Amino acid sequence: MELIKCDDSHREAVTELYHRSIEYLESTVNYPKWNPGHPSDKGVRKAIENGTQYVCLDNGEAVGALVLSEDPEGFYEAGEWSVDLERGEFLIIHVLAVDPDKGQRGIGGFMVERCIDIARRGGYKAIRLDVVPGNIPAKKLYAKYGFTYAGRKDLLKNIDFIPLFDLYELVL
């Protein structure tokens with residue numbers, strides 16, 4: 001497997017992976033509360049343009065995706081972070097998804113490990129992220145890789161059905 005920056009040649013596969021993930025979540029337990037509007041093709045396009053969309057490939061097949069950026073997309077200043085950092089000193093993992101047909105193969109863990117490697121090589125001091133409070137699978141995944149809880153906060157995202165987010169941090 002490999003985790004690489006997405007380019008336009010991967011856009012359709014990544015968008016379809018997110019779409020299949022949303023359909024799966026809506027038919028089972030929608031832990032992250034995703035919907036057809038998020039993550040979306042528009043978001044994937046924007047992330048590709050910004051150089052922040054990643055795709056996990058297994059023998060050329062898209063099996064996972066995520067956004068890794070310096071933009072928290074919310075009021076991260078509210079977090080109870082263990083180290084005081086400025087924007088640009090940490091990366092944020094957003095919209096991490098594994099192809100629902102490929103679950104339980106370690107793909108999510110592989111992607112988190114690669115994010116840690118990318119952050120370290122880039123000289124970042126931490127990785128941070130936010131999780132919907134009921135998203136137990138995500139919390140377990142990040143805890144396995146040493147992320148620690150940094151509070152349940154209103155990130156001022158103005159999402160009525162998700163007023164608060166649980167914050168996590170891995171100091172590098």
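Colleague: Which residues line the second largest pocket?

Modeller: In this predicted model, where residues are numbered from 1 along each chain as its sequence is written, local features need pLDDT of at least 70, side-chain atom pairs count only at pLDDT 80 or more, and totals for chains, interfaces and linings use all residues. Side-chain values use heavy atoms, with hydrogens and water left out. The lining of the second largest pocket includes Pro 72, Tyr 76, Trp 81, Arg 87 and Arg 128; a lining residue has an atom within 4 Å of a point of the pocket, which on a 1 Å grid over the protein atoms alone is an open set with protein on both sides within 12 Å along at least five of seven lines.

Colleague: How many nonpolar, polar and charged residues does the lining of the second largest pocket have?

Modeller: There are 6 nonpolar, no polar and 5 charged residues, where Asp, Glu, Lys and Arg count as charged.

Colleague: What makes E1 and E6 stand at the edges?

Modeller: The open sheet has 7 strands in the order E1-E2-E3-E4-E5-E7-E6, with mixed pairing. Strand E1 (2–5) and strand E6 (148–153) each have a single partner strand, so one side of each is left without a neighbour in the sheet. A strand is a DSSP run (E, at least two residues).

Colleague: In what sense do strands E2 and E3 pair?

Modeller: Two strands pair if DSSP finds at least two bridges between them; E2 (residues 53–58) and E3 (residues 61–69) have 6 bridges and pair in the antiparallel sense, with Asp 58 opposite Glu 61 in E3.

Key
Helix = DSSP H or I, 4+ residues; strand = E, 2+ residues; numbered from the N terminus. 1 Å grid on protein atoms, 1.4 Å probe; cavity = no way out; pocket = protein on both sides within 12 Å on 5 of 7 lines; lining within 4 Å.
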